[in-house]
Amino acid sequence: MLRIAIQKSGRLFEDSVGLLKDAGIRLSNNPHRVLRAEAANFPLEIIFLRDDDIPEYVEEGVVDAGIVGENVVLEKRPTVSIVERLGFGKCRLCIAFPKNTPFEGYQSLQGMRVATSYVRILEDFLKTNQITATVHEISGAVEIAPSLGLADAIFDIVSTGSTLLANGLREVATVLESEAVLIANPGMLPEKQEILNRLMFRMQANRNAKQHRYILLNAPNDQLDAIIRLLPGMKSPTVLPLAEPGWSSLHSVVREEIFWDVLEQLKMAGAQGILVAPLERMIL
Ligand code: ATP
Ligand code: ZN
């Protein structure tokens, strides 16, 4: 049985539960009500915790793995392995100045008092850039520190910037781009590692599927070479003859971020009846 910790409630909860569900895992209890749940069809126990506690639980081996923001991992620096980046919970850690304070590069921070809940990440950044500044640790509502006179600037999580604006601040530099990550205890037993590998295999198959589209099209045979060059596919496209002589059907898989470009080029190269379908699972 593998034990995994996810956030009990908050910004990572829905996506973390969704990730497990998409991996075919059925929870036996309602995850909104309980602190632990066992999967009905997979050797997995899910423990619901505050996100800040997850790195330590994984480090101590109380749980084997966990889903948490990379920002939390980089701040707490537990002895854990980051085994997968999960693509949700995206945010950035930024430096923000009051709107009338000029910013002329990182050196503008020199001698300032900076409020943050991410002391270690900030201190590393200051050191790397050879800036001397005073770091004030605050656990929440960091944005109000400058207006209260406690700090000259802040270092905090930003998603839209509207909270900053409401507090008379503006973003001047991004220090870290973060997303949710799967962390694991590096010393877990081999039988647990095997379950984790199975879970990661399923997650990977889902992620691959989301990142690709299945394309089917018809083409005159004399255009096939040009069209095949546009469709690299997983190995190479499948080509099947159509009932109509001189025509073939091509099937392939294309990366999500380029499929619109490819579609336009296929049309120009003489493809007809182009169909694009989502993939449910994809194993490379
Ligand atoms: P908990 O009660 O578990 O301690 P929390 O209030 O500390 O929750 P949330 O606000 O739910 O935490 O954020 C959890 C994680 O979501 C953050 O650590 C970060 O990785 C990510 N995240 C994504 N977007 C944002 C955002 N706009 N603000 C804060 N965190 C964000
Ligand atoms: Zn928290």
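Modeller: Happy to. A salt bridge here is a side-chain nitrogen of Lys or Arg within 4 Å of a carboxyl oxygen of Asp or Glu. Please keep in mind that this is a predicted model. With that cut-off, Arg113 and Asp152 make a salt bridge, their closest N and O atoms being 3.0 Å apart.

Colleague: Which parts of the chain does the Arg113 and Asp152 pair tie together?

Modeller: Arg113 is in strand E7 (residues 113-116), while Asp152 is in the loop between strand E8 (134-137) and strand E9 (153-158), so the pair links parts that are 39 residues apart in sequence. Arg113 is partly exposed at 30% relative accessible area, and Asp152 is partly exposed too, at 27%.

Colleague: How many salt bridges does the count come to?

Modeller: The count is 13 salt bridges. One of them joins the side chains of Asp22 and Lys210, at 3.9 Å from N to O. Asp22 belongs to helix H1 (residues 13-22) and Lys210 to helix H6 (residues 190-210), so this pair ties together parts 188 residues apart in sequence.

Colleague: And Lys210, is that one buried or exposed?

Modeller: Lys210 is exposed, with a relative accessible area of 58%.

Colleague: What about Glu45, buried or exposed?

Modeller: Glu45 is buried, with a relative accessible area of 9%. Glu45 forms a salt bridge with Arg36, and the closest N and O atoms are 2.6 Å apart. Arg36 itself is partly exposed, at 47%.

Colleague: Why would two side chains like that pair up at all?

Modeller: In general, side chains of opposite charge can pair when their charged atoms come close.

Colleague: Which residues in domain 1 lose the most area to domain 2?

Modeller: Those are Asn71, Glu75 and Arg77, which together make up 70% of what the domain 1 side buries.

Colleague: How many salt bridges are counted between domain 1 and domain 2?

Modeller: The count there is one salt bridge. As for Arg77, it forms a salt bridge with Asp124, with the closest N and O atoms 3.0 Å apart.

Colleague: Where is Arg77 found?

Modeller: Arg77 is in the loop between helix H3 (70-76) and strand E5 (81-85). Arg77 counts as partly exposed, at 35% relative accessibility. Its backbone deserves a look as well: phi of Arg77 is near 50°, a positive value in a residue other than glycine.

Colleague: Noted. What is the phi of Gln130 near?

Modeller: Phi of Gln130 is near 50°, again a positive value in a residue other than glycine. Gln130 lies in the loop between helix H4 (119-128) and E8, and at 68% relative accessibility Gln130 counts as exposed.

Colleague: Moving on to the surface, which residues form a nonpolar patch?

Modeller: Ile144, Leu148 and Leu150 form a nonpolar patch on the surface, with about 280 Å² of accessible area together. Leu150 sits in the loop between E8 and E9, and counts as partly exposed at 38% relative accessibility.

Colleague: Last one, then: Val262, buried or exposed?

Modeller: Val262 is buried, with a relative accessible area of 8%. You'll find Val262 in helix H8 (residues 259-268).

Colleague: What is Val262 in contact with, leaving aside its neighbours within four places in sequence?

Modeller: Val262 is in contact with Leu230, Leu231 and Val254, once those neighbours within four places are set aside. By contrast, Val262 and Gly187 are 45 Å apart in space, C-alpha to C-alpha, and 75 residues apart in sequence.

Colleague: Great, thanks for the tour!

Definitions and conventions: Residues numbered from 1 in each chain as written. Chains lettered and ligands numbered in written order. Predicted model: local features only at pLDDT ≥ 70, side-chain atom pairs only at ≥ 80, totals over all residues. Heavy atoms only, no water. Helix = DSSP H or I, 4+ residues; strand = E, 2+ residues; numbered from the N terminus. Buried < 20%, exposed > 50% of the residue type's maximum accessible area, 1.4 Å probe, protein only. Patch = residues over 30% accessible without salt bridge, like charges linked within 9 Å, V, L, I, M, F, W, Y side chains within 5 Å. Areas by Shrake-Rupley, 256 points an atom, 1.4 Å probe, with all protein chains shown as cover. Buried area = accessible area lost by both parts, 1.4 Å probe. Contact = heavy atoms within 4.5 Å.
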